[in-house]
Amino acid sequence: MSDAESPPDDDVPSVPDDEIPAGDEFEPVQVFPDSDLDLREGADDCYKCSTCDTNCPVAEVDDDFPGPKFQGPEQWRLKRKDDEDIDASIMDCSNCMRCDTACPSDVPLSQMHNEARGEYVDEQMDTWSVEYWRNRVLANYRISAWFASKMPRLANAVMSNSLVRQVGEKLFGVTAEREFPAFAEQTFREWWAERGGPKVQSEDKRVAYFHGCYSNYNTPEVAKAMVRTFEHFSYQIAVPDQGCSGTPMFANGMLDDARRDAELNIKEFSQLVEEGYDVICSCTSCSMALRQEYPELFSFEGTAKVSASTYEAVEYLRIHEDLGSAISDAEVEFPDLAYHAPCHARSQGLDRQAVELFRDLDGVKIEDVGESCSGISGTYGWKSEKYEKSMAIGEEMFEHMDEAEGETGMTECPTCAMQMEHGSGYEIRHPLEVLEAALVSR
Ligand code: SF4
Ligand code: SF4
């Protein structure tokens, strides 16, 4: 927590008494006149039960972190009362969004955190500081990945050099403990263009694929598995121009960067939704961004339409196809899998779907490694000052992976996959790769 503030007591009045007119003439007070968003209702819905605090993985390992109740409704009450500065501890929230899911009163906690973080970065953070630029580069991973993809072998050699990692830690605060993910020699989009786009045409089964940065630059095998699996079910696939989903930008308070990419994404995808496409994502944080964070933070034309038409890829197939029957006769040879449900999959109610789908598939043994957070939360665990915290949060997952049979992990989130690999040494696969193996003969 910053030295400026300690958590306030719980008795801050929701509206100062002298501002409430008597009788029938009550009018709501305009608290945030310059903002499109007014989160007063959400703040008032909080009845201080502290369920969010007990579900916060950062608060569990860091006694100095004041927790989501303070970061959300209490900060907003302070803003209302005295227009207080945002507490610097907002940068210690990892944006895992577990507090959203935990709150019994539907307080929009992560929206409050995103707004508070954006305000903190814009108004209180030193934009000449190493921390600001470190965070900005991490948040804009897509730009670095684009450059690296032009010379992937050289980039991989440089990034895996231990001296380079040590320098990165000393000068920029990016932990040297982790190995950088390798860049693919051919990006997904290059592969897509080389094969000539979609192989299936359909009037009524159409999906627009939001592949995100990681499936494009680092794990195109996941994106290819998505394409082959959906074409197996006769879907016509579109792969429009797209930016980052914004997830790492929200988590670092870089809302202008997120707005820039969201505008492009909404423009491209809303046009396809108009043409009858649904939007699918292979990363659960990307689907979370398009579904929940875009409408919470932006008001571009088409935002609500894209949000309502977005699905995680396996979720979409479970809704629209008889996936259980399709794989019931399949037999695959896959190593035993230790499955971790990402926090953002949990927020979308998708935490059991891989286990439910694959537990009866011949040749696959899948075990859920429990409910804990992996701890990396995108760029969070890459910051040198957050590394130990990130590993402490992940400890429970590592232990369960260790206890599970087999030495292969599975998850839908690329950064959870990094953490699983880092903490266990296991190879990590995506559910779409199992589906492809079960359904598609190449
Ligand atoms: S769980 Fe919801 S209602 Fe309870 S303290 Fe947190 S924000 Fe308030
Ligand atoms: S988003 Fe996660 S880390 Fe941040 S306050 Fe909520 S539970 Fe804690």
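# Reading helices, ligand shells and a sheet

Q: At what angle do α4 and helix α6 pack, and how far apart are their axes?

A: Good place to start! Keep in mind that this is a predicted model. Helix α6 covers residues 109–123, and it packs with α4 at an angle of about 75 degrees, the two axes being 9 Å apart.

Q: Are α4 and α6 roughly parallel or roughly perpendicular to each other?

A: Angles from 65 to 115 degrees count as roughly perpendicular. The two helices, α4 and α6, are therefore roughly perpendicular to each other.

Q: Which residues of α4 and α6 meet?

A: From α4 come Pro-68, Gln-71, Gly-72, Gln-75 and Trp-76, and they meet Leu-109, Met-112, His-113 and Ala-116 of α6. Sorted by class, this contact has 5 nonpolar and 4 polar residues, with no charged ones.

Q: Let's move to the ligands. How many residues surround ligand 1, and which are the closest?

A: To read a ligand site, look at the shell of residues around it. Ligand 1 has 15 residues around it, and the closest are Cys-46, Cys-49, Cys-52, Cys-103 and Val-107. In the shell you will find 9 nonpolar, 4 polar and 2 charged residues.

Q: Which element gives the most to the shell around ligand 1?

A: That is α4, with 3 residues. Both α2 (51–54) and α4 (68–82) supply at least two residues of this shell.

Q: And which residues come nearest to ligand 2?

A: Among the 14 residues around ligand 2, the nearest are Cys-56, Pro-68, Cys-93, Cys-96 and Cys-99. Two or more residues of the shell are given by each of α4, α5 (98–102) and α6. The top contributor is α6, which gives 3 residues. By class, the shell around ligand 2 divides into 8 nonpolar, 5 polar and 1 charged.

Q: How many bridges join strand β5 to β6?

A: There are 3 bridges between β5 (residues 337–339) and β6, and these strands run parallel. To find one on screen, look for Tyr-339, whose bridge partner in β6 is Asp-368.

How values were computed:
Residues numbered from 1 in each chain as written. Chains lettered and ligands numbered in written order. Predicted model: local features only at pLDDT ≥ 70, side-chain atom pairs only at ≥ 80, totals over all residues. Pairing = 2+ DSSP bridges. Helix = DSSP H or I, 4+ residues; strand = E, 2+ residues; numbered from the N terminus. Near = placed C-beta within 6 Å. Nonpolar A, V, L, I, M, F, W, Y, C, P; charged D, E, K, R; others polar. Axes fitted to C-alpha atoms, helices over the stretch in contact; angles between N-to-C directions. Parallel < 35°, antiparallel > 145°, perpendicular 65-115°, else oblique. Contact = placed C-beta atoms within 7 Å.
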